[in-house]
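Here is my note on the model, point by point. Please keep the sequence and the 3D view open as you read.

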Amino acid sequence: MSIKLEHINYVYSPGTAYEKQALKEISLEIQQGEFVGIIGHTGSGKSTLIQHFNGLIKATSGALYYDGKNIYDEGYNMKELRNQVGLVFQYPEHQLFEVDVLSDVCFGPKNQGLSKEECEERAKEALGLVGLPEKYYHQSPFELSGGQKRRAAIAGVLAMRPGVLVLDEPTAGLDPKGRDDILDQIEYLHKNTNMTVILVSHSMEDIARYVSRIIVMNQGEKMFDGKPKEVFAHYRELEEVGLAAPQVTYIMHALKAKGMDVLTDATTVEEAAEEIMRSFHD
Amino acid sequence: MIRDITIGQYYPAKSVIHRLDPRVKIVCTLLFLISLFIQKSILGYLVATIFLGAVIYMSRVPLKFILKGLKPVIVLLLITVLFNLFLTRGGAELVNFWIFHITEKGLETSVYTGIRLIYLIMGSSIMTFTTTPNSLTDGIEKLLHPLNKIKVPVHEVAMMMSIALRFIPILLEETDKIMKAQIARGADLDSGNMIQKAKAMIPILVPLFVSAFRRANDLAMAMEARCYHGGEGRTKMKPLVYRGRDRAAYALTVLYMILIFVVGRYVPFHIWIF
């Protein structure tokens with residue numbers, strides 16, 4: 001159940017004064033069970049890219065294979081694709097509409113044609129996964145706090161039990177605890193259900209902490225694609241395009257420059273601490 | 001998806017029409033619209049066509065874009081033309097088939113009405129294509145300024161208009177986002193009968209209204225935070241001032257009006273189609 005993009009190009013409003021090439025020759029493959037991070041400055045094409053994954057945007061040219069089948073083929077079942085590839089947009093709480101939280105989360109499963117009981121069962125499971133207490137189930141989603149709304153909205157996508165979960169900045173505007181809670185839940189899901197997770201984020205710390213592969217987008221092109229350590233080793237180039245490496249990577253570089261015998265490829269605080277301890281013991 | 005809808009869309013280009021004062025464009029467009037209705041001769045339409053063509057040429061807006069603006073009203077246009085064609089009586093009968101009767105007068109009226117409507121839309125879309133919504137409201141505010149004396153809240157109305165205009169693209173974008181989010185959750189917006197389709201709109205309309213109110217609230221707060229208190233004593237960063245080209249545009253339009261008036265009314269040169 002891999003997602004494979006071949007020479008994807010996408011042009012916004014072709015033939016008008018507002019024409020803009022948002023994606024240029026993107027080729028990449030994401031395997032089942034990967035945890036991929038996508039980073040890039042604002043307007044680099046991240047959001048456009050992820051909307052290709054479930055066919056919301058059709059590429060101007062190129063091919064996208066899901067599970068070996070080209071989704072642009074005539075007669076391809078887009079609805080099934082969208083059941084498989086769950087997409088959580090930026091500020092997903094803006095899509096809530098139902099009278100209570102439980103029925104809002106039921107919206108996705110209901111569209112999949114499940115019975116009322118099954119829908120509710122899945123909704124409760126999903127709400128449990130995002131850690132929204134049961135007392136909120138029958139409240140209006142508009143009465144919840146920002147973080148709770150976000151959880152309810154993410155549950156709305158999880159309830160469809162997608163094989164691939166794509167999240168566009170799921171933690172934007174949340175407090176540190178809310179952010180960690182949501183990302184920890186996603187990591188838990190990834191580990192326990194072998195779900196593919198694609199995470200778009202502006203926080204290098206979050207990316208470094210959770211993902212096993214990073215795709216860097218710059219002006220519609222794929223700039224880097226590799227393990228966090230490899231990608232963040234290019235921190236100078238990343239800075240040039242408005243990105244950065246995690247703060248600890250800079251600390252390691254600074255320590256090295258001051259003469260400490262450390263490797264500079266640490267990307268999380270834990271790794272850095274370990275590396276510094278090791279250099280003391282040597 | 002939904003972003004392709006054009007409502008009074010601005011087409012950025014560098015042309016003399018773009019640079020004209022919005023007041024000039026509003027007044028001249030109005031005059032042009034009036035000119036379409038005060039005359040009724042083929043020669044008059046010829047003059048109007050030349051005038052419109054020249055303005056379109058000068059504006060550097062591709063003709064394709066202006067014609068695209070006709071698309072949404074094509075049904076209305078057809079109905080008007082057909083009604084005129086079949087229901088106007090007078091003159092010699094040209095076609096008499098079953099319940100359809102086409103008379104000379106009917107044909108004439110329907111052709112002229114069609115041309116009038118098309119020119120009306122093209123003329124006003126040239127204005128919206130070459131003027132940003134903001135300068136358009138600026139122009140309206142300045143034009144209506146004298147009404148302040150009879151206690152019409154001109155500034156407030158203009159402010160409401162510019163806010164409404166400013167929010168159109170934002171709400172369109174928001175609609176686009178919400179639609180995509182619901183489609184991603186399996187919402188089916190296209191199939192089903194009327195009632196099912198209407199029901200399918202609920203997941204889009206509710207979040208859209210919520211977000212519109214949220215944005216309105218935020219904007220009101222931001223305006224108050226900057227001490228906005230209405231139009232009294234308020235100055236403009238870029239006050240509208242007439243320049244040479246604006247006066248020239250007025251002069252040309254007035255000249256055109258006189259020409260139309262003379263040609264359409266007093267030149268006994270009616271070339272009828274038949």
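1. One pair to start with: A:Asn9 stands opposite A:Ser61 in β4(A). Helices (H or I, at least four residues) and strands (E, at least two) are DSSP runs, numbered from the N terminus. Two strands pair if DSSP finds at least two bridges between them. Strand β1 (residues 3-12) of chain A and strand β4 (residues 61-66) of chain A are joined by five bridges and run antiparallel.

2. Before going on, some ground rules. This is a predicted model, in which local features need pLDDT of at least 70, side-chain atom pairs count only at pLDDT 80 or more, and totals for chains, interfaces and linings use all residues. Residues are numbered from 1 along each chain as its sequence is written, while chains are lettered from A and ligands numbered from 1 in the order in which they are written.

3. What is the strand order in the open sheet of four strands in chain A? The order is β2-β1-β4-β5, with antiparallel pairing. Strands β2 (20-30) and β5 (69-70) of chain A stand at the edges. Each has a single partner strand, so one side of each is left without a neighbour in the sheet.

4. A helix packs on this sheet: α1 (residues 46-53) of chain A touches β1, β2 and β4 of chain A. Contact between two residues requires their C-beta atoms, placed from the backbone, to lie within 7 Å. The direction of α1 makes about 55° with that of β2(A). For such angles, axes are lines fitted to C-alpha atoms, for helices over the stretch in contact, and angles run from 0 to 180 degrees between N-to-C directions.

5. Now look at A:Ser13, in the loop between β1 and β2 of chain A. Its phi is near 40°, a positive value in a residue other than glycine. Is A:Ser13 buried or exposed? A:Ser13 is exposed, with 11 other C-beta atoms within 10 Å. The scale is this: 20 or more other C-beta atoms within 10 Å of a residue's own make it buried, 12 or fewer exposed, and anything in between partly exposed, with C-beta atoms placed from the backbone.

6. A:Gln219 has a positive phi of about 45° although it is not a glycine. A:Gln219 sits in the loop between β9 (213-218) and β10 (221-226) of chain A. With 15 other C-beta atoms within 10 Å, A:Gln219 is partly exposed.

7. Next, the contact between the chains. It takes 22 residues from chain A and 19 residues from chain B. In chain A, α2 (78-84), α3 (101-111) and α5 (146-158) each supply at least two residues of the side that touches chain B.

8. Chain B is divided into domain 1 (2-145 + 241-266) and domain 2 (156-225); domain bounds come from an automatic or database domain assignment. The C-alpha centres of the two domains lie 32 Å apart.

9. Chain B has a hairpin. Its strands β1 (residues 93-97) and β2 (residues 100-103) pair in the antiparallel sense over four bridges. B:Asn96 has B:His101 in β2(B) as its bridge partner. Two residues lie between the strands, and B:Trp98 takes a positive phi near 50°.

10. Finally, helices of chain B. The buried residues of α2(B) include B:Val24, B:Cys28, B:Phe32 and B:Leu36. B:Leu76, in helix α5 (residues 74-87) of chain B, counts as exposed, with 11 C-beta neighbours inside 10 Å.
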